[in-house]
Amino acid sequence: RKSRGIKDEEQVFHCIAWTHEDMLRYFLLCPEVVTFDVTSHTNCSGFHHLSFSCRTSIDKQVLFCRIWIPDQRRVSFRYVFREALPKILPNYVLFRVRFLMCDGDPQQNIEIRLALQYLFPNAIVALCAYHLINMGW
């Protein structure tokens, strides 16, 4: 609340996270490689769309989790990794993740590296080459 300047009596929107049984099934079968990215300015609500995907054994990229976040501040990513994901994705599968690929945004990066300790303890993080070269992260 302090970082956003929100009073105690005001409501806070942290995120809306969801998955679907069919999409989640792919993640349960193939959780080893996970990519995630945020897209902005793609909707009229002004929210940012954080998506998580995995790659299946037949080389198909499948989106398995979607999250609306209010902004791309570190506190929003912290809430996603500490609160939202553990509630909708099974722990035993998160422990099977070996490789996380993200775009390199510093706000994301700090929180994903902290999440490695408790959410993805068997994974390493790599940054997307496209974003590193074209965005300078």
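Some ground rules come next. The model is predicted, so local features need pLDDT of at least 70 and side-chain atom pairs count only at pLDDT 80 or more, while totals for chains, interfaces and linings use all residues. Residues are numbered from 1 along each chain as its sequence is written, and side-chain values use heavy atoms, with hydrogens and water left out.

**Stop 1: a pair in helix H2**

Side chains of opposite charge can pair when their charged atoms come close. Lys87 and Glu83 are separated by about one helical turn, because they are 4 residues apart in helix H2. Helices (H or I, at least four residues) and strands (E, at least two) are DSSP runs, numbered from the N terminus. Lys87 is exposed, at 63% relative accessibility.

**Stop 2: a link between helices**

How many salt bridges does the structure hold? There are 5. For another of these, select Glu111 and Arg78, whose side chains meet at 3.4 Å, N to O. This pair links distant parts of the chain, with Glu111 in helix H4 and Arg78 in helix H2, 33 residues apart. Is Glu111 buried or exposed? Glu111 is buried, with a relative accessible area of 0%, whereas Arg78 is partly exposed at 28%.

**Stop 3**

Now show the strands. An open sheet of 6 strands runs in the order E1-E4-E3-E2-E5-E6, with mixed pairing; two strands pair if DSSP finds at least two bridges between them. Strand E1 (16-18) and strand E6 (124-127) stand at the edges with a single partner strand each, so one side of each has no neighbour in the sheet. From one strand to the next, the twist averages 20°. Axes here are lines fitted to C-alpha atoms, for helices over the stretch in contact, and angles run from 0 to 180 degrees between N-to-C directions.

Select residues 33-39, which form strand E2: E2 and E3 pair in the antiparallel sense over 6 bridges. Asp37 has Ser51 in E3 as its bridge partner. Helix H2 (residues 74-88) packs on the sheet, where it touches E1, E2, E3 and E4, and its direction makes about 125° with that of E4. Contact means heavy atoms within 4.5 Å. Helix H4 (residues 106-118) lies across E2, strand E5 (99-102) and E6, and runs at about 160° to E6.

**Stop 4: an edge residue**

Move to Ile16 in strand E1. Ile16 is partly exposed, at 44% relative accessibility. Leaving out residues up to four places away in sequence, Ile16 touches Arg66, Ile67 and Trp68.

**Stop 5**

Finish at Thr56, in the loop between strand E3 (48-55) and strand E4 (61-69). Which residues does Thr56 touch, not counting residues up to four places away in sequence? They are Tyr26, Cys30 and Val62. Thr56 is buried, with a relative accessible area of 9%. Then select Arg55 and Asp59, whose side chains meet in a salt bridge (3.4 Å, N to O). Arg55 is partly exposed at 38%, and Asp59 is exposed at 57%.

Conventions: Buried means under 20% relative accessible area, exposed over 50%, partly exposed in between (1.4 Å probe, protein chains only). A salt bridge is a side-chain nitrogen of Lys or Arg within 4 Å of a carboxyl oxygen of Asp or Glu.
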